[in-house]
Amino acid sequence: MKYVIFLADGMADLPLSELDDHTPLEAANHPALDRLARNGVFGLARTVPDGMPAGSDTANLSVFGYDPTVCYSGRSPLEAVSMGIDLKPTDVTYRCNLVTLSDAENIEDAVMMDYSAGEIDSHSARELIEWVQQELECEGVRLYPGVSYRNCLLIPNGELGGEQTPPHDLSLKPVRGKLPKGANSDVLRRISKWSYSQLKNHPINRWRAKYNKPLANCLWFWGEGVRPDMETYSRKFGIQKGAVISAVDLIQGIGKCAGLDVIKVDGATGNYTTDFAAKGRAAIDAFKNGAEFVYIHIEAPDECGHHGQVTEKVWSIEQIDEKIVAPVLEYLDTAGETYAALAMPDHPTPICIRTHSPEPVPFALYFSDGRCAPSGAESYSEKNAAQTGVFEPCAHRLMEKMTKKI
Ligand SMILES: [Zn+2]
């Protein structure tokens, strides 16, 4: 038995006037997703438990099969694990975004112009992060460069219970009152303020200014956490060999904590310029190399949602369908082994609000052995999923259903 999950981050959306009151999913052409919806169990699932933040961390944990209300201990430790950081139980970690703030005398008067500093390249990001680390000499506090604007800060023997605001929730809004509060906030605020006063003068930012690129002029901390306590896939689901394919640290970290192999794909960027076909091929290769389970995560629709890119979001969904879902299903169909396939987003990233929402998302769960009656749905969309009346209030149960031996 083989298992595949197609996770299209932030794919679910709301109707848009630019698309004649259709959602990007409704506007896109995606025959492979439609096939899964029509021939599988099709409905809505709640990936973000009530009262929890609508992040890719909680939502992806659910889809991986872990109950976020039990396992979730913050986003940043999952990313830290993926970066190869050996976390001690007493380490407290934060996501450290390189962001673009508007120019102001005082950081409190600035506006969050871009939570990703123009999706700064990893090389420049590393140089800036290492420079801040050197300049600060904050004893014991350690900055780690990651992928693009996504970096990590570790505080050994830190306290827990601070309050931070994700920068993507502040897009084009003033940051006044949104700097960290509570535990460890003194050091976090000090670094943010210092970086805002100094980073603009770094040669990399001088170069970015010259070429009209958004400045990476502040370090913004959020996503506090400690190492999660997660059972591995082999213990939890009896899956001995599995893999995760994602350009995003967080998803790779969940995979590592679950005991899965992380497959890095050349050309996987984490946005709509990603090499979709390379991800599809990597999944097929993983199956050929003996993987029983592959989790293919594609970040592109989420980034398009955050940036308000309607056409790009529709296009991304079509690319996922054509270059990933279709070829992987075709391979599994011809490989002659029974398989189960689950296709869903983690959460909606509606273009009209440019951030995540906690609403339930459509899911299609297909078994090649026909053990479940086909839904008969016409196509894979938010509306059609709601109309089937199938509702899974705890999305982590989907993985249990998928792997249940019958
Ligand atoms: Zn997002």
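Select helix H12 (residues 300–307): Ala300, Pro301, Asp302, Glu303, Cys304, Gly305 and His306 are its buried residues. Buried here means under 20% relative accessible area, exposed means over 50%, and partly exposed lies in between, with a 1.4 Å probe and protein chains only. Helices (H or I, at least four residues) and strands (E, at least two) are DSSP runs, numbered from the N terminus. Because seven of the eight residues of H12 are buried, the helix is largely enclosed by the rest of the structure.

The model is predicted: local features need pLDDT of at least 70, side-chain atom pairs count only at pLDDT 80 or more, and totals for chains, interfaces and linings use all residues. Residues are numbered from 1 along each chain as its sequence is written, and side-chain values use heavy atoms, with hydrogens and water left out.

**Around H12**

Next, display the elements that pack against the buried residues of H12: strand S1 (2–8), strand S6 (150–155), helix H11 (276–288), strand S10 (293–298) and helix H13 (310–335). Contact means heavy atoms within 4.5 Å. Then step just past the end of H12 to Gly308, which takes a positive phi of about 65°.

**The largest cavity**

On a 1 Å grid over the protein atoms alone, a cavity is a set of points where a 1.4 Å probe fits but cannot get out; a pocket is an open set with protein on both sides within 12 Å along at least five of seven lines; lining residues have an atom within 4 Å of a point. Grid points are joined across faces, edges and corners, and a volume is the space filled by probe spheres set on the points.

The largest cavity has a volume of about 130 Å³, and the structure holds three cavities of 30 Å³ or more. H12 supplies the largest share of the lining of the largest cavity, three residues; strand S3 (92–101) and H12 each give at least two. By class, this lining has four nonpolar, five polar and six charged residues. Ala, Val, Leu, Ile, Met, Phe, Trp, Tyr, Cys and Pro count as nonpolar, Asp, Glu, Lys and Arg as charged, and the others, Gly among them, as polar.

**The two domains**

Colour the chain by domain: domain 1 covers 2–72 + 230–403, and domain 2 covers 92–225. These bounds come from an automatic or database domain assignment. The centres of the two domains, taken over C-alpha atoms, are 30 Å apart. Twelve residues from domain 1 and ten residues from domain 2 take part in the contact. The lining of the largest cavity draws at least three residues from each domain.

**The largest pocket**

Now move to the largest pocket, which holds about 380 Å³ of space. Select Pro53, Tyr72, Pro166, Trp222 and Gly223, the closest to its centre among the 20 lining residues. Strand S7 (residues 218–225) gives the most to this lining, with three residues. The lining of the largest pocket comprises six nonpolar, nine polar and five charged residues, and each domain contributes at least three residues to it.

**The second largest pocket**

Select Asp13, Leu14, Glu359, Pro360 and Glu382, which lie nearest the centre of the second largest pocket, lined by 18 residues. Strand S12 (361–367) and helix H14 (382–387) are the elements that give two or more residues to its lining. H14 gives the most, with three residues. The space in this pocket is about 250 Å³, and its lining has eleven nonpolar, two polar and five charged residues.

**Helices H2 and H6**

In helix H2 (residues 31–39), select the buried residues Ala32, Leu33, Asp34, Leu36 and Ala37. Their cover includes S1, strand S2 (41–45), H13, strand S11 (339–344) and S12. Then go to Gln133 in helix H6 (residues 122–136). Gln133 is buried, with a relative accessible area of 17%. Leaving aside neighbours within four places in sequence, Gln133 is in contact with Val141, Arg142 and Leu143.

**The cysteines**

Finish with the cysteine sulfurs: the structure holds zero disulfides, a disulfide being a pair of cysteine sulfur atoms within 2.5 Å. The sulfur of Cys71 is 9.7 Å from the closest cysteine sulfur, in Cys257, too far for a bond. Cys71 counts as buried, at 11% relative accessibility. Cys372 is partly exposed, with a relative accessible area of 27%; the closest cysteine sulfur to that of Cys372 is in Cys394, 18 Å away and too far for a bond.
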